[in-house]
Amino acid sequence: MWSYSRRGFTSVASATVAQHQQKARYKPVIGLEVHVQLNTKTKLFSRCPTTDSSPNRRVLPFDMATPGTLPSLNSQCIYRALKMARLLNCHVSEWSRFDRKHYFYGDMPAGYQITQNHHPIAKNGNFGFWVFDEHLDVPYWKEVKILQLQLEQDSGKTIHLPSTSSEGGEGPKSLIDYNRAGCALIEIVTSPCFETAIEAIRFVQTLRLLIIHHNISNGELHKGHLRVDANVSLERDTVPGTRTEIKNMNSIRTIHTAINFEIARQFEILNSNGTVQKETRAADQDGRTVSMREKDDVDTDYRFMVEPNLPKLRIKEEWLTMAEEEMENAGKADFENLRDVIGFDPRSSIHIAEDPDLLAFVKRCIRLRDSSVSAEEILYWMKQLKTTMQRSKCNYPPQSEFFARQFMTLLNLVRQRRLTHLRVLDLLRYYSTTSEGDSSEGEEEGVTEFVEKHQLWRIEDPREIERLVGDMMRRNEKLVEKARNGNSKSFNRLRNLINEATEKRIDIEELCEVMKQFLDQKLV
Amino acid sequence: MNRLSRIIWTSTIRANHNGRSQRRTALEGDKVLVPDEPYNSKIDNSLLSKMPPIDSKLIANLERLSLVRFDSEQAVANLRNAIRVAKRLELVDTEGLEPMYTVWEDQECPTFEDIEEEPLPIEEVFRNAPVRFDDFFVTPPGNVPLESNERFDLNVINEWDTIGKPVAPQAKSTRLVEGKEK
């Protein structure tokens, strides 16, 4: 039995060898359409505010298609589109034009959407990003072609009410809120050059961080600032297959699961000699794709026509310069800095940049960083810190500047081998569980003073270590005897005794080494 | 005589019959631009490309696109005539000409600063709404597939077309329930 995998196309446990061979003949072909909601103060064609509000409180006559109203184009939307064009290395057309795309929904009051189908603001771009995954040994760099960028209106929102079941009840109806109607979107159309769901989500993740950084969109997925459609088909022995379109996904997890689900679904159909229907599908809560519309609706005729109320939009040279300058002033995004300047790996830099608290912590640490501390060391100790804090049920990552300073001091000290690994773990626990929450930073004792006061420096003198080991062994002859006979439990017990007695001040490897010498040479 | 011009002609006669004094202009003394006599097209209809056959599939498609239901064979026949008149445009020589989409083609698209205006007060928003539910507009459900079974007698449409009866012939009895959800 074939089962839908949530992990991925290649990792289905129940698949037989034959199925694997069968699968190897198919290559998933995925193209994306990303709708980015711009963070301008007003809508694309009306000066209606875009702030959140209760239903139908953000509406001007144009937004509900009141006859006689005309569109007035928002200049900030053009800047944002030009910035996006530069981000995706697109060619900005000398002029672009708007089209009407007709369809009839209550949330599209004019009966058409103003978009840019034939002469978009920018086209022919390319965008590179790192692809990483737990199933991949090494991250790889992927470049995708961008077909076009278009400015367009968003629709309103619909709440569907089913018919009331009681007698004399009403039929189904829709409740419409026009607050979002007419808000500005940029649609990014990629070529179908993604081969896995992982590639698709890394693209969206990277893009999201960049558009937030460059102030193009607020990029909040749960608010629908980024909505993704995916076209999925399976190419068999280089022969293209029928594609289906998954509409309106607004979380990274959904994009991942739904694309993988769709690949698996199409494979199952093709593998049993069926035909994939060209259709529009939606992703449900679990990421399964379900058929959305009637089959013949796929050939919907949108009756594109040029929008007669908007003349050609000529892109002025100074607009391009302004967009360029704004982007240069914004500099690199945090994840790019983490990756390219500090040396974090692609996965960690994205992971950190996506979590504001974690990012704040890392940025605090980096400011205090001595350049000899590497990104790997920071990552290693962050992982230790996370485990420690979770065990003591504290909130990771710590928020205070004080802690960040102690954290970096500890890293430096362990690096210089002035503190042992185990001692640092203890100190991390101490500081992370005590330094948070109170603002009495000035009164707290820094790592250096604390260590100095309690004399916790690593014992460096080999003769001192030998003396301490010898002492402890003489006091535990029975354990020594057992350890010498190869009993590892006794060896460990002995080691722990010494460790405790010396307050973890001997490096654990060094300690084991010395203990072995003692046992082998029968020095006790 | 061409059918359409005959319709216009008869209606003009009727208008004339009611008295020339009834033809008013916005301002007194303005020139009346609508001719009293119908203009007979000199376009040779035989030069026009053939009319597409109007079958039930085309009718259904047009209904879906326009969101307008034809209510009788006569309505479909009227549409056919309208298409025939529009077809005359095919004879205009547009060789090598870029189609225009607006008379403002040389104008640049004006742009506006991103400065908020006060949105409409909620009562204004709903002033034209026939149905309101709390602060929402209410519409019938969208995306209801249209049924497209044979509703019209295609022969009757053609008959009407050739005879040119001013009254619609009897419509086929099979009517469907509008807006029924599938």
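Here are some notes on a few local features of this predicted model, taken point by point.

1. Helix pair, geometry. In chain A, helix α13 (residues 462-475) packs against helix α16 (residues 508-520), with the axes 10 Å apart and an angle of about 60° between them. Angles of 65 to 115 degrees would count as roughly perpendicular and those under 35 as roughly parallel, so α13(A) and α16(A) end up classed as oblique to each other. As for handedness, α13(A) and α16(A) make a right-handed crossing.

2. Helix pair, contact. Who does the touching? On the α13(A) side the contact involves Ile465(A), Glu466(A), Val469(A), Gly470(A) and Met473(A). Facing them from α16(A) are Glu510(A), Val514(A), Met515(A) and Phe518(A). Sorted by type, the residues of this contact between α13(A) and α16(A) come out as six nonpolar, one polar and two charged.

3. A three-stranded sheet. Chain A also has an open sheet of three strands, in the order β6-β5-β16, with antiparallel pairing. Which strands stand at the edges? They are β6 (112-115) and β16 (305-306) of chain A; each has a single partner strand, so one side of each has no neighbour in the sheet.

4. The β5 to β16 link. If you want to check the pairing by eye, look at strand β5 (residues 99-102) of chain A, which is joined to β16(A) by two bridges, the two strands running antiparallel.

5. A loop residue. Glu134(A) sits in the loop that connects β7 (122-131) and β8 (140-153) of chain A. Is Glu134(A) buried or exposed? Exposed, because Glu134(A) has 7 C-beta neighbours inside 10 Å, and the exposed class takes in residues with 12 or fewer. For a sense of distance, Glu134(A) is 112 residues from Gln22(A) in sequence, and their C-alpha atoms are 25 Å apart in space.

6. Chain B overall. Moving to the other chain, chain B contains five helices and three strands. Along the sequence of chain B, these elements follow the pattern α-α-α-β-α-β-β-α. How many of its residues are buried? Of the 182 residues in chain B, 9% count as buried.

7. Contact range in chain B. Take the contacts in chain B between residues at least 6 apart in sequence: 73% of them join residues at least 24 apart.

How values were computed. Residues numbered from 1 in each chain as written. Chains lettered and ligands numbered in written order. Predicted model: local features only at pLDDT ≥ 70, side-chain atom pairs only at ≥ 80, totals over all residues. Helix = DSSP H or I, 4+ residues; strand = E, 2+ residues; numbered from the N terminus. Buried ≥ 20, exposed ≤ 12 C-beta atoms within 10 Å, placed from the backbone. Axes fitted to C-alpha atoms, helices over the stretch in contact; angles between N-to-C directions. Parallel < 35°, antiparallel > 145°, perpendicular 65-115°, else oblique. Left-handed = near helix turned anticlockwise from the far one by under 90°. Contact = placed C-beta atoms within 7 Å. Nonpolar A, V, L, I, M, F, W, Y, C, P; charged D, E, K, R; others polar. Pairing = 2+ DSSP bridges.
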